[in-house]
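Subject: Structure handover

Hello,

Please find the structure below. Notes on what was found in it follow.

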Amino acid sequence: MNNRVGVDETVEVNSNTTRLQRLLEHFRGRKLLWIIFLIILIFVIIVVVITTVLLTRTKREKTSTITEMTTEITTEITSETTEESTMETITTSELLTTITSEELIPSGIIDKNTKWKQDAVTVAGGNGQGSELNRLNNPYGIYIDDDSESIYIADSNNHRIVKWKFGAHTGEIVPSRNEPGSEIYSLSTPTDLILDKEKKYLIVCDPDNQRVMKWSLENSQDHQVLINDIVCWSLAMNNDGDLYVSDKQRHQIRRWQQGNKEYTVVAGDKEAGDKLNQLNYPEHIFVDKHHTVYVIDSGNNRVMKWTENALEGIFITSRQPYEGNCNTYGAFIGVTADDMGNIYVSSAGIHEVTRWSPDAKECSKIVGKGYAGNGPMELDNPNDLSFDRHGNLYVVDKYNYRIQKFAIDLD
C-alpha cells in the first residue's frame with residue numbers, strides 16, 4: 001500500500017515537470033518569434049527614415065536651384081528695365097521667352113513642313129544706319145556661333161567685323177579699324193565670314209583688297225592673309241574643315257582642303273556662262289553635310305546646286321514670275337539648306353525668304369511680306385541666311401541695318 005502511494009506521487013511529480021518544461025519551451029519559441037519580428041520592424045523603420053531624408057534633401061536642392069535661376073532671370077530683367085526704355089524691355093522679355101522655349105527644342109528638326117513665327121526679334125542693330133556700337137551699316141554676311149552664343153557680322157560699309165552676344169544691346173568690334181584700308185589689320189567692304197573648325201580663327205572675305213583674311217580670336221595681333229589674288233564674296237566650310245570660297249571674278253567655287261595650299265574647282269568652268277557646268281558672278285554659297293554646294297549664280301539670275309565631284313550643277317530656280325505661291329521676280333541674295341535638302345533663298349526684289357523642296361514643283365514663302373518695310377514681319381533687301389542649332393532662322397535685313405531672328409514655330 002505504501003509502495004503504491006509512493007509510485008503514484010512520483011508519477012504525478014514527473015507529469016507536472018514535463019508540462020512545465022513544455023510550457024517553458026513554448027514561451028521560448030514565442031520569444032524568438034517576437035525578437036525576429038522586432039528586428040524586421042526596426043530595419044523597416046530605419047529604411048523609411050533614410051529614404052524620407054534623402055527625398056527631402058533632393059527636393060530642397062531642386063527648389064533651391066529653381067529659386068536661384070528665377071532670381072537671376074528676375075534680376076536681369078529688372079536691371080534692363082531700369083536702364084533701358086520700355087520698348088527695349090519688351091524686346092528683352094520676348095527674347096528671353098524665345099530662349100527659354102528653345103532649350104526644349106532638339107536639333108535637326110527642320111523639314112519641308114517646318115514653319116517660323118512671322119514676327120521677328122531684332123538681335124543686332126535696328127537703331128538706324130551708323131557706325132556706333134549699337135548700329136550697323138549695310139551688313140552682308142553672318143555667322144551664328146551657338147557655343148559662344150554670339151553672332152559675327154560682316155558690317156560692310158563700316159569696314160569691320162562685329163561680334164554681337166545673344167541678348168546684347170551693343171556689339172563688340174573684332175580688332176580692326178572702323179575705316180577702309182589695305183593694312184593687315186584693316187578691311188575694305190567685307191562681305192562674309194566664318195569661324196574655322198576649331199573656332200580659333202575668324203576667316204573673312206575682303207573683296208576690295210582681293211584677299212581672304214585669317215584673324216586669331218585669341219591673339220589680336222595675329223592677322224594673316226590666308227589667300228591672295230581672289231575676289232572673295234562668300235565663304236563656307238564643310239564638316240572636315242575644308243574651306244570653300246566663292247571667287248566672283250573667276251566665276252568659280254574653289255575648295256581648299258585642310259592643310260593643302262592647292263585648291264580644287266568644285267563648281268563653275270574656266271569662263272562665265274549660263275550652261276549647267278558654268279557660273280556667272282557667283283555670290284553667296286552654302287555647303288551641307290554631304291559636301292553639296294548651293295550657289296547664288298547672280299549673273300545668270302538663278303540658284304544652282306552642285307553635288308560633290310559633279311561636273312555639272314543642278315538648276316533649282318531662276319528669277320522670273322511664278323504662278324501660285326511664288327513670285328521670285330527679284331535678285332537672289334542669300335542661300336542655305338537644311339538636313340533634308342530643302343533650300344532657303346532670300347530675294348531682294350520681293351523682300352522675302354522662300355523654301356524650295358526637292359519634291360515640290362514650286363516654292364513656299366517662309367518669312368517676309370512681299371514688300372519692303374521695317375516692321376517685325378517685314379524685310380528690306382534680305383541678304384545672308386543662317387539657322388542656329390535650335391532651328392531658328394536668322395536673316396540679314398540689309399537696308400533696315402539689322403539682323404532679324406524668326407523663331408521656329410512649334411505650334
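A residue is called buried under 20% relative accessible area, exposed over 50%, and partly exposed in between, with a 1.4 Å probe and protein chains only. This is a predicted model, in which local features need pLDDT of at least 70 and side-chain atom pairs count only at pLDDT 80 or more, while totals for chains, interfaces and linings use all residues. Residues are numbered from 1 along each chain as its sequence is written, and side-chain values use heavy atoms, with hydrogens and water left out.

Overall

The protein has two helices and 26 strands. Both kinds of element are DSSP runs numbered from the N terminus: helices are H or I with at least four residues, strands are E with at least two. Of the 411 residues in the protein, 44% are buried. Contact here means heavy atoms within 4.5 Å. Among contacts between residues at least 6 apart in sequence, 45% join residues at least 24 apart.

Disulfide

A disulfide is a pair of cysteine sulfur atoms within 2.5 Å. That rule gives one disulfide. It is formed by C205 and C232, with 1.7 Å between their sulfur atoms. C205 belongs to strand β8 (residues 201–206) and C232 to strand β11 (residues 232–237), so the bond ties together parts that are 27 residues apart in sequence. Both cysteines, C205 and C232, are buried.

Largest pocket

For pockets, a 1 Å grid is laid over the protein atoms alone; a pocket is an open set of points with protein on both sides within 12 Å along at least five of seven lines, whereas a cavity is a set where a 1.4 Å probe fits but cannot get out, and lining residues have an atom within 4 Å of a point. Grid points are joined across faces, edges and corners, and the volume is the space filled by probe spheres set on the points.

The largest pocket holds about 1,200 Å³ of space. It is lined by 41 residues, of which Y143, F286, V287, S386 and F387 are the closest to its centre. At least two lining residues come from each of β3 (139–145), β7 (193–195), β11, β15 (282–287), β19 (332–337) and β23 (382–387). By type, the lining has 18 nonpolar, ten polar and 13 charged residues. Here Ala, Val, Leu, Ile, Met, Phe, Trp, Tyr, Cys and Pro count as nonpolar, Asp, Glu, Lys and Arg as charged, and the others, Gly among them, as polar.

In the model, residues 373–409 are 0% helix and 49% strand, and the end C-alpha atoms of the span lie 22 Å apart.

Two histidines with positive phi

Most residues other than glycine have a negative phi. H159 is not a glycine, yet its phi is positive, at about 55°. H159 sits in the loop between β4 (150–155) and β5 (160–165) and counts as buried at 13% relative accessibility. H291 also has a positive phi, near 70°. H291 is in the loop between β15 and β16 (293–297), and its relative accessible area of 11% makes it buried.

Individual residues

Y244 is in strand β12 (residues 243–247) and is buried, with a relative accessible area of 1%. Leaving aside neighbours within four places in sequence, its contacts include H291, I285, V287 and V266. Y244 and Y263 are 19 residues apart in sequence, with their C-alpha atoms 9.3 Å apart.

V335 is in strand β19 and is buried, also with a relative accessible area of 1%. Not counting residues up to four places away in sequence, V335 touches several residues, among them H284, I285, F286, Y344 and L385. Its C-alpha atom is 9.5 Å from that of S347, twelve residues away along the chain.

With a relative accessible area of 58%, E262 is exposed. Beyond neighbours within four places in sequence, E262 is in contact with R255 and W256.

Regards
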